[in-house]
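Hello,

Here is the structure I promised to pass on to you. Have a look at it first, and then read my notes below.

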Amino acid sequence: MGEELRILYVALTRAKEKLILAGMEPKKDLLSGRRMEEPFAKLEFTRRLDATCYWDWVLPALKSSGNSCRICRSGLEERVESEQRKQESILLEKERVCEELRSIDPVIYEKTAARLSWEYPYEESGVLKQKVSVSEIKHRAMEEAGALTEEEGGESLFPEEIPVPYIPKFVQAQEENLGALRGTAAHRFLECLDFASIPDSFAGSERNAAGWKTANAWLEAQAAGYVPSGRIRKEEAALLNLHQMARFLTSGIAGRMREAAACGRLTKEQPFVMSLPAKQVWNGVKSEETVLVQGIIDVFWEEEDGIVLLDYKTDRVERAQELVQRYEAQMRLYAEALNRRFAGKRVKETLIYSFRLDEVIVV
């Protein structure tokens, strides 16, 4: 009941010029002359509790306020006639206005029409964010890519229903959070890892079970050493997929990173902020308004003929093209940020390493 009273109060106090209350009550109740015992007294609790609509609160208050309050019955025929008269009046007014418009000077008419149809040319810029993160742009690009996939795939006339097992929401949340936490743990571990200290044997080792087992043991020792120093938390170390990490460390791309780190040319977790025209940030936008874009680059290194940009991905995908569609916009912004920073060098390779696919993907 308290919430209903609050809603009624808000509705009654928001009107600026005129307040219209509409409702229905039985004739005997409407004309019974119900009023409170004393003017401006509070309505008894029992009457408030027994109310079936807002009129049961409003009418007694009106009748006891001392203001003139006329209550009249309105039948269906009267309401129909009143609405008809109203519509006829509107139609006559429209005809009168149209007749006056026909006699207006064409030059004046064109000027008036141009003024009334004027649109603010920078309306698009008014709803754009002035500062965005690469993650926001990435998620928007992923949504657009997903929508395109559905449209191009068409719609089946008789779609096959696939049974989906019921999973409680709290379990779903745990599964989603676990995937995100695994990705965060992998990025944190690779940020801490000294690539220059990777054993020489890994670079030339054959990518087989024996080589991966050796790399796995080395990685396990590294992770165990990072926990006591506080570089990574124990919970993060437990989430690491060291088997996938071992495959990465014995890959050719990790060997290139090792060589760059040994020369002091490897940079990890590099934050940046740059300005771009809005049309380069948001698809379908024509505005030249400046937008600040901020993000963090996983890793890049310098080679003699240019810069190599690499991003780690732990997404559960089946094809490399899925990652390209999801992160092409993100990688394009990372490359632009590096090109601005290094005036003498350009990004020569833009790569994604998929831990899921154990594959280096060219973007």
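At what angle do the axes of α11 and α13 cross, and within what distance do they come? They cross at roughly 115 degrees and come within 8 Å. Angles of 65 to 115 degrees count as roughly perpendicular, and α11 and α13 are therefore placed in that class. Their crossing is right-handed. On the α11 side, the contact is made by Trp212, Ala215, Asn216, Trp218, Leu219 and Glu220. On the α13 side, the residues are Leu242, His243, Met245, Ala246, Arg247 and Leu249. In general, the angle and the distance between the axes are what describe two packed helices.

Before you go further, please keep in mind that this is a predicted model.

Now for the overall picture. The protein chain holds 16 helices and 6 strands. It has 363 residues, of which 30% count as buried.

The largest nonpolar core is made of 35 residues, and Phe189, Phe195 and Phe248 have the most contacts inside it. Both helices and strands contribute: α9 (169–192), α11 (209–226), α13 (242–249), α14 (252–262), β3 (290–303), β4 (306–313) and β5 (347–354) each give two or more residues. With 6 residues, α11 gives the most to this core. Apart from this core lies another one, of 32 residues, including Leu128, Ala320, Tyr334 and Ile352.

Beyond its neighbours within four places in sequence, phenylalanine 195 touches Leu190, Phe248, Leu249, Met257, Arg258, Ala261, Leu266, Lys268 and Tyr312.

Is helix α6 largely in the open or hidden away? The helix covers residues 106–116, and of its 11 residues the number buried is 0, so α6 lies largely in the open. The N-terminal end of α6 is capped by aspartate 105, which has a side-chain oxygen 3.0 Å from the backbone nitrogen of valine 107.

Strand β2 is also worth a visit. It runs over residues 266–277 and includes serine 275. Serine 275 is partly exposed, at a relative accessible area of 32%. Which residues does serine 275 contact, leaving aside its neighbours within four places in sequence? They are Thr290, Val291, Leu292 and Arg340. Leucine 292 is 17 residues away from serine 275 in sequence, yet the two are 4.5 Å apart in space, C-alpha to C-alpha.

Finally, two residues with backbone angles to look at. Most residues other than glycine have a negative phi. Glutamate 269 is not a glycine, yet its phi is positive, at about 50 degrees. Glutamate 269 is placed in strand β2 and is partly exposed, with a relative accessible area of 21%. Aspartate 358 also has a positive phi, near 55 degrees, in a residue other than glycine. You will find aspartate 358 in the loop between β5 and β6 (359–362). Buried means under 20% relative accessible area, so aspartate 358, at 19%, counts as buried.

Enjoy exploring, and do write back with any questions.

Best wishes

Technical notes:
Residues are numbered from 1 along each chain as its sequence is written. This is a predicted model: local features need pLDDT of at least 70, side-chain atom pairs count only at pLDDT 80 or more; totals for chains, interfaces and linings use all residues. Side-chain values use heavy atoms; hydrogens and water are left out. A nonpolar core is a set of buried Ala, Val, Leu, Ile, Met, Phe, Trp, Tyr and Cys residues joined through side-chain atoms within 4.5 Å. Buried means under 20% relative accessible area, exposed over 50%, partly exposed in between (1.4 Å probe, protein chains only). Helices (H or I, at least four residues) and strands (E, at least two) are DSSP runs, numbered from the N terminus. Contact means heavy atoms within 4.5 Å. A polar contact is a pair of N or O atoms within 3.5 Å; within protein, one must be able to donate a hydrogen and the other to accept it, and residues adjacent in sequence count only if both atoms are side-chain atoms. Axes are lines fitted to C-alpha atoms, for helices over the stretch in contact, and angles run from 0 to 180 degrees between N-to-C directions. Angles under 35 degrees count as roughly parallel, over 145 as roughly antiparallel, 65 to 115 as roughly perpendicular and the rest as oblique. A crossing is left-handed if the near helix is turned anticlockwise from the far one by less than a right angle, and right-handed if clockwise.
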